[in-house]
Amino acid sequence: DAMQQCVGAAPNVYALGDVTPRAQLTPVAIAAGRKLADRLFGGRALARMDYSNVPTVVFSHPPYGTCGLTTAQAVERYGRAAVRVYESKFTAMYHAMTERKTKTHMRLVVVLPDERVVGFHMVGAGVDEMTQGFAVALGLGATKQQWDEASVAIHPTSSEELVTMKVPKVPKL
């Protein structure tokens, strides 16, 4: 994109990080800097930062993790008929024996015909730690079937929900 080219009339001046209208996160600036260095000095003329699937976590209580498209963004891009969502709402094992039954919510956004995962959104205990790993699968363009079959679910963990959801729904907007 334009931010990854020379800025203005000055040759060899580039914009990265907080001076751009992109995600203002330190790891994003570092990744963009590495891509720029690869392009300028590493012989990778096509190296560019992909800002479309930056995993993000809000360290609240409970934490929130997200990556990729929201349901509304997927419907806007692909049309409602091509989008499905998998959802789960449950009490994590961590809270199963406590009086306070804090719920965990998870959503996968997929696109037909192959159910390629284009987004995931989670809120609940431990999702901050899960987000990075699942962002890798999303970034590689994995389908829901690949998410389910590439690994055996780890029980009893909340992360097993993302690889065991079975009934997709047409999104309601």
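**Reading the chain from the inside**

Tutor: Phenylalanine 134 counts as buried because its relative accessibility is 14%, where buried means under 20% relative accessible area, exposed over 50% and partly exposed in between, with a 1.4 Å probe and protein chains only. This is a predicted model in which local features need pLDDT of at least 70 and side-chain atom pairs pLDDT 80 or more, whereas totals for chains, interfaces and linings use all residues. Residues are numbered from 1 along each chain as its sequence is written, and side-chain values use heavy atoms, with hydrogens and water left out.

Student: How many aromatic pairs does a search of the whole structure find?

Tutor: The search finds three aromatic pairs, a pair being rings of Phe, Tyr or Trp (its six-membered ring) with centres within 6.5 Å, stacked if the planes are under 30 degrees apart, edge-to-face if over 60 and tilted otherwise. One of them joins phenylalanine 120 to phenylalanine 134, with 6.4 Å from centre to centre and 70° between the planes, and is edge-to-face. In this pair phenylalanine 120 belongs to strand β5 and phenylalanine 134 to helix α4, 14 residues apart, and distant parts of the chain are linked in this way. Helices (H or I, at least four residues) and strands (E, at least two) are DSSP runs numbered from the N terminus.

Student: Is phenylalanine 120 buried or exposed, and what is the geometry between the rings of phenylalanine 120 and tryptophan 147?

Tutor: Phenylalanine 120 has 0% relative accessibility and therefore counts as buried. Its ring and that of tryptophan 147 have centres 6.1 Å apart and planes at 65°, which is why this pair too is read as edge-to-face. Tryptophan 147 sits in helix α5 (residues 144–149), 27 residues from phenylalanine 120 in strand β5, and this pair again links distant parts of the chain. Tryptophan 147 counts as buried as well, because its relative accessibility is 4%. Taken together, Phe120, Phe134 and Trp147 are linked by ring pairs into a cluster.

Student: A ring can also meet a charge, so which residue lies over the face of tyrosine 51, and which over the face of tyrosine 86?

Tutor: A charge sits over a ring if NZ of Lys or CZ of Arg is within 6 Å of the ring centre and within 35 degrees of the ring normal. Arginine 22 lies over the face of tyrosine 51, at 4.4 Å from the ring centre, and lysine 144 lies over the face of tyrosine 86, at 5.0 Å from the ring centre.

Student: Turning to the backbone, which peptide bonds to proline are cis?

Tutor: Here one reads the omega angle. The bond from histidine 61 to proline 62 is cis, with omega near 0°, and proline 62 is placed in the loop between β1 and β2. The bond from leucine 112 to proline 113 is likewise cis, with omega near 10°, and proline 113 lies in the loop between β4 (103–111) and β5.

Student: What is the phi of glutamate 115, and where is this residue found?

Tutor: Glutamate 115 is not a glycine, yet its phi is positive, at about 60°. The residue is found in the loop between β4 and β5, and glutamate 115 counts as buried because its relative accessibility is 17%.

Student: Where is the place of histidine 95, and which residues does histidine 95 touch?

Tutor: Histidine 95 has its place in helix α3 (residues 93–96) and, with 14% relative accessibility, it counts as buried. Leaving aside residues up to four places away in sequence, histidine 95 touches Arg100, Lys101, Thr102 and Ala125, a contact being heavy atoms within 4.5 Å.

Student: How many helices and strands does the secondary structure of the chain come to, and what does the C-alpha trace span along its principal axes?

Tutor: There are five helices and five strands, and reading along the sequence gives the pattern α-β-β-α-β-α-β-β-α-α. The C-alpha trace spans about 60 × 35 × 30 Å along its principal axes. Of the 173 residues in the chain, 35% are buried.
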